[in-house]
Amino acid sequence: MARLRQLIAGNWKMNGLRKSLDELRAIKAGIADARCDVAICPPATLLAEAAWTLNDGNLLFGGQDCAIDASGAHTGDISAEMVADAGGKLVIVGHSERRTDHGETDALVRAKAEAAWRAGLLAILCIGETKAQRESDQTLDVLEQQLWGSVPDKADAANLVIAYEPVWAIGTGLTASSDDIIAAHAHIRARLTNRFGPEAAGIRIQYGGSVKPGNAREILALPNVDGALVGGASLKAADFLGIIAGTP
Ligand code: PEP
């Protein structure tokens, strides 16, 4: 089967001030001929300015999280509708840092994906095992449980991207081996196919966890790898562009 068009997405986490918009300008200038879709999820404070000044189709912007309600008395939260209103086209839900730091459950992540769709956003939904789960050989079971628990029923190729992010590989400099990535992504594809039938063939599955210019080419060439979710290496245009250059 032909490869899906890959999505390389940068997650800036709690990094970036207004001067960082220069990095976004450099990223935009560097992707005119990119073979993939490219997105950056900056902090909420930069989203509107980035999207309004730099969003012209070849560079997409998104949120790092969204609330489940459209509006209301939820101090500090940002709704999917607000992300869309700010010019966002996508939102990350269920990142392991949110699952860990904010106690987000699969049920909440599922509701956030539904909120994203209500607002017309693409949801990048993160799943992944901890080090302890990998060491006790539970990886594939954990991925299956997270998929069942956090992916809503109305998923399709246009509204969902799964990001497989082994928790122990995020921000640590450790990456999963090619064999482990192949096994995890094949498992995710199979479980999605069980649930969504032929539609699952078009749902992109990103790998995330210490992707860098030096390992991107090898990772992005693996079967069922349809892009990458990139944290640290998305903060500098040169590194992020180096990853984008590695798309097959
Ligand atoms: C992430 O935050 O989703 C991530 C993969 O981070 P890093 O690339 O820094 O490991």
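## Exercises around a ligand and a helix

At 13% relative accessibility, Ser210 counts as buried. Keep in mind that this is a predicted model. Let's work through it together.

**Exercise 1. Find where Ser210 sits and which backbone oxygens its side chain reaches.**

Step 1: Start with the place in the chain. Ser210 belongs to the loop between β7 (204-208) and α9.

Step 2: Check the burial. Buried means under 20% relative accessible area, so Ser210, at 13%, is buried.

Step 3: Follow the side chain. From Ser210 it reaches the backbone oxygen of Ala169 at 2.7 Å and the backbone oxygen of Leu174 at 3.5 Å.

Step 4: Look at the surroundings. Setting aside residues up to four places away in sequence, Ser210 touches Ala169, Gly171, Thr172, Gly173, Leu174, Thr175 and Asn215.

**Exercise 2. Describe the shell of residues around the ligand.**

Step 1: Pick out the residues that come nearest. Among the 14 residues around the ligand, these are Lys13, Glu165, Gly171, Ser210 and Gly231.

Step 2: Sort the shell by class. It has four nonpolar, eight polar and two charged residues.

Step 3: A polar backbone atom of Ser210 is 2.8 Å from an oxygen atom of the ligand. For Gly231, a backbone N or O atom lies 2.8 Å from a ligand oxygen atom. With Asn11 a polar side-chain atom takes part, 3.4 Å from an oxygen atom of the ligand.

Step 4: Finish with the area. The ligand taken alone exposes 290 Å², and the protein buries 96% of that.

**Exercise 3. Is Glu165 buried or exposed, and what is it in contact with?**

Step 1: Locate Glu165 in the loop between β6 (160-164) and α8 (178-196).

Step 2: Read its accessibility. The relative accessible area of Glu165 is 5%, so this residue is buried.

Step 3: List the contacts. Apart from neighbours within four places in sequence, Glu165 is in contact with His95, Cys126, Ile127, Gly128, Glu129, Ile170, Gly208, Gly209 and Leu229.

**Exercise 4. Work out how the buried residues of helix α10 are arranged and what covers them.**

Step 1: Name them. In α10 (residues 237-244), the buried residues are Ala237, Phe240, Ile243 and Ile244.

Step 2: Look down the helix axis. The buried residues of α10 fall within an arc of 125°, so they line one face of the helix.

Step 3: See what covers them. The cover includes β1 (7-11), α1 (21-30), β2 (37-41), α9 (213-220) and β8 (227-230).

Conventions:
Residues are numbered from 1 along each chain as its sequence is written. This is a predicted model: local features need pLDDT of at least 70, side-chain atom pairs count only at pLDDT 80 or more; totals for chains, interfaces and linings use all residues. Side-chain values use heavy atoms; hydrogens and water are left out. Buried means under 20% relative accessible area, exposed over 50%, partly exposed in between (1.4 Å probe, protein chains only). Helices (H or I, at least four residues) and strands (E, at least two) are DSSP runs, numbered from the N terminus. The arc is that of the directions from the helix axis to the C-beta atoms. Contact means heavy atoms within 4.5 Å. A residue is near a molecule or strand if one of its heavy atoms lies within 4 Å of it. A polar contact is a pair of N or O atoms within 3.5 Å; within protein, one must be able to donate a hydrogen and the other to accept it, and residues adjacent in sequence count only if both atoms are side-chain atoms. Accessible areas come from the Shrake-Rupley method with a 1.4 Å probe; for residues, only the protein chains shown count as cover. Ala, Val, Leu, Ile, Met, Phe, Trp, Tyr, Cys and Pro count as nonpolar, Asp, Glu, Lys and Arg as charged, and the others, Gly among them, as polar.
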